[in-house]
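Open the model in your viewer and keep the sequence panel beside it. The stops below say what to select and what is there.

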Amino acid sequence: MAQERDLVVEVEGELISKPYVEITLNLLARFGIAVRREGWQRFTIPQSSAYRSPGRVHVEGDASSASYFVALGAIAAVDAPVRIEGVGTDSIQGDIRFVEAAQAMGAEVASGPGYLEVRRGRWPLQAIDLDCNHIPDAAMTLAVMALFAQGTTRLTNIASWRVKETDRIAAMATELRKLGATVEEGADFIAVTPPATLTPAAIHTYDDHRVAMCFSLAAFGGVPVRILDPKCVGKTFPDYFEALFDLVRTPVEAVPVIAVDGPTASGKGTLASAVAKALGYHFLDSGAVYRATALVAMRTGVAPDDETALARIAATLPLHFLHGDAHLGEENVADALRAEEVGAMASKVSARPAVREALRQLQLSFRRIPGLVADGRDMGTVIFPGAALKVFLTASAATRAERRYKQLISKGIPANISTLRAELEARDERDRNRSVAPLKPAEDALLLDNSELTVEASMDVVLKAWNQRRPFG
Ligand code: C5P
């Protein structure tokens, strides 16, 4: 304890990431602790040091998190610059020097206290040869920028990469090669030469937030990339992808859709939401849209054949989803929608063309980046006919009735298996034979009978099929 005697920190070998230590020393000084420093080898906190309030402290934005947006500006900001607030050239963080490296590669940067504005300058970028000891973390982004540079970019003095979340030199080399780059790696350096044409690739992220973040930038240079396990960014920047997507516009046709259609209780909902979760995509349970319309109709006494009144309900439905649960206005209706009588009414309501038309736009609005998994009856045939993958999921009537039975019993709702089977067969019959958007597989659908499959096994089939689809097939 520094209360009783001096506290001494001795460094063996060369201290890496000196700028981070420097920030710590500066902050300690502001809080009343004067550390004695002998070079970068020995630090002494004098006896009886004690923290003292510095009054107001301004906490800067994180410069290494900002580096991804600096790179984004250098790669893709052609019309207007990317403006980053919270860090500027007056930053006390070492990683701010990433800005100099980006400028050396071609970025155009305007900056001031607390902000940076970055746009594309030279294009293609210019290769650099840089000792990265002062910006070890942010330098990974330079390796990705190298994909868009003329010549070979050499990043040296990065031995520490090998002992971070993963062996980052090996990880970067492997993933850059997938995109077509020629990569040379050594104990403490990496050299990246871009190919004439980049190859689309699925990027493994090694549970390393920085691998996920820096490779996402490759997409802005025009090569499709799929970031596997994108949630690993949670370590330092949980809403990284949301922040990134806020800055860019994607034509709606470019947002990938996986359509999962099939009869009642075939397990579409379970499969589709699991696939959405695995891919980090949005999820649309289109049945809930029809069920919500049915629920409002039942509550307000609208008959199943009053098409005009039903369409009015559908067009003004205050339906939204919160943490996966359907809400009508303020009310959580997740459980109410699952009731059997609501399902039966939904099947009648959904046969009305005006209702389907009124609900179309609501369903389309779920198509947002990074992608959508939608389940229902007509996702692949009517709502998203251009879906990149269409799955038609079936199971025998006996299996489906049994699954629904177990579902209801587990919620304490009494049920009878043969009644359930009769009801779901009647519902399928109606869904299959209606004049608009009847239940049927799209011509190009992958037919999957999951009577004998676990959810995991079905998911495996779908994810494998997806991995072979656009843009990677
Ligand atoms: O899938 P779920 O059982 O929740 O759907 C309830 C009813 O809504 C179905 O029986 C069907 O008639 C209708 N529906 C539809 N089109 C969809 C989804 C559901 O017609 N895309």
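**Stop 1: two crossing helices**

Helix 15 crosses helix 16 in the right-handed sense; a crossing is right-handed if the near helix is turned clockwise from the far one by less than a right angle, and left-handed if anticlockwise. Helices (H or I, at least four residues) and strands (E, at least two) are DSSP runs, numbered from the N terminus. This is a predicted model, in which local features need pLDDT of at least 70 and side-chain atom pairs count only at pLDDT 80 or more, while totals for chains, interfaces and linings use all residues. Residues are numbered from 1 along each chain as its sequence is written, and side-chain values use heavy atoms, with hydrogens and water left out.

Select residues 397–410 for helix 15 and 417–433 for helix 16: their axes come within 9 Å and cross at roughly 120°. Axes are lines fitted to C-alpha atoms, for helices over the stretch in contact, and angles run from 0 to 180 degrees between N-to-C directions. Helix 15 and helix 16 are therefore oblique to each other (under 35 degrees is roughly parallel, over 145 roughly antiparallel, 65 to 115 roughly perpendicular, and the rest oblique).

Now show the side chains in the contact (heavy atoms within 4.5 Å). Helix 15 contributes residues including Ala397, Arg400, Tyr405 and Leu408, and helix 16 contributes residues including Ile417, Leu424 and Asp428. By class, this contact of helix 15 with helix 16 has eight nonpolar, no polar and seven charged residues. Ala, Val, Leu, Ile, Met, Phe, Trp, Tyr, Cys and Pro count as nonpolar, Asp, Glu, Lys and Arg as charged, and the others, Gly among them, as polar.

**Stop 2: another helix pair**

Next select helix 9 (286–300) and helix 10 (307–315), which pack at about 125° with axes 9 Å apart. That angle makes helix 9 oblique to helix 10. Their contact is formed by Thr293, Val296, Ala297 and Thr300 on helix 9, and by Leu310, Ile313 and Ala314 on helix 10. Five of these residues are nonpolar, two are polar and none is charged.

**Stop 3: the open sheet**

In what order do the five strands of the open sheet lie? The order is 16-20-15-21-22, with parallel pairing; two strands pair if DSSP finds at least two bridges between them. Strand 16 (282–285) and strand 22 (446–449) are the edges, each pairing on one side only. From one strand to the next, the twist averages 20°.

Pick out histidine 282 and its bridge partner, leucine 372.

**Stop 4: two hairpins**

Select strand 17 (319–322) and strand 18 (325–328), which run antiparallel and are joined by four bridges. Two residues separate them in a hairpin, and histidine 323 in the turn has a positive phi of about 45°. Strand 18 also forms a hairpin with strand 19, again with two residues between; here glycine 329 has a positive phi of about 60°.

**Stop 5: an aromatic pair**

The structure holds 10 aromatic pairs. Select tryptophan 123 and phenylalanine 148: the ring centres are 5.8 Å apart and the planes at 25°, so the pair is stacked. Rings of Phe, Tyr and Trp (its six-membered ring) pair if their centres lie within 6.5 Å; planes under 30 degrees apart count as stacked, over 60 as edge-to-face and the rest as tilted.
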